[in-house]
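Let's take a walk through this chain together. Have the sequence and the 3D view ready.

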Amino acid sequence: MADSTSVRIRGRTTRERRIADDAEHLVAARSQAKAAAAAETGVAPARARMPDLSALTQLLATTGELRGLADRYRTVKEGRVGQNLRHVTYAAMPHGAKTFLAAALALGTGERL
């Protein structure tokens, strides 16, 4: 006999079971098709690869915007602006974009950051 404090959990409805079964069959059919194609060609299915973005650094280093930014950094380095403008923060940029920007600045100016 069930405890009066326990909660009875209902299972899937008929429609939900049918959808789940269809999804399972679809996944199984796709994996069988991939396995058959791999056996036919003798080549294993390719994995998703991270794109090579190394060319973006050189492209970014040649833009006018980056040259302007490098000129602003140069004026700060030479002391032509106040000391309170020495540090620059790019807080709204994703970390990956900051990496490419730093690499492009180093390439464009030929200096360390």
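How many helices and strands does the secondary structure of the chain come to? There are four helices and zero strands, so from the N terminus on you'll read α-α-α-α. Helices here are DSSP runs of H or I with at least four residues, strands are runs of E with at least two, and both are numbered from the N terminus.

A quick word on what you're looking at: this is a predicted model, where local features need pLDDT of at least 70 and side-chain atom pairs count only at pLDDT 80 or more, while totals for chains, interfaces and linings use all residues. Residues are numbered from 1 along each chain as its sequence is written, and side-chain values use heavy atoms, with hydrogens and water left out.

Is Thr57 buried or exposed? Thr57 counts as buried because its relative accessibility is 12%. Leaving aside neighbours within four places in sequence, Thr57 is in contact (heavy atoms within 4.5 Å) with Phe100, Ala103, Ala104 and Leu107.

Next, look at Leu53, in the loop between helix H1 (14-41) and H2. Leu53 has 36% relative accessibility, so it counts as partly exposed.

Definitions and conventions
Buried < 20%, exposed > 50% of the residue type's maximum accessible area, 1.4 Å probe, protein only.
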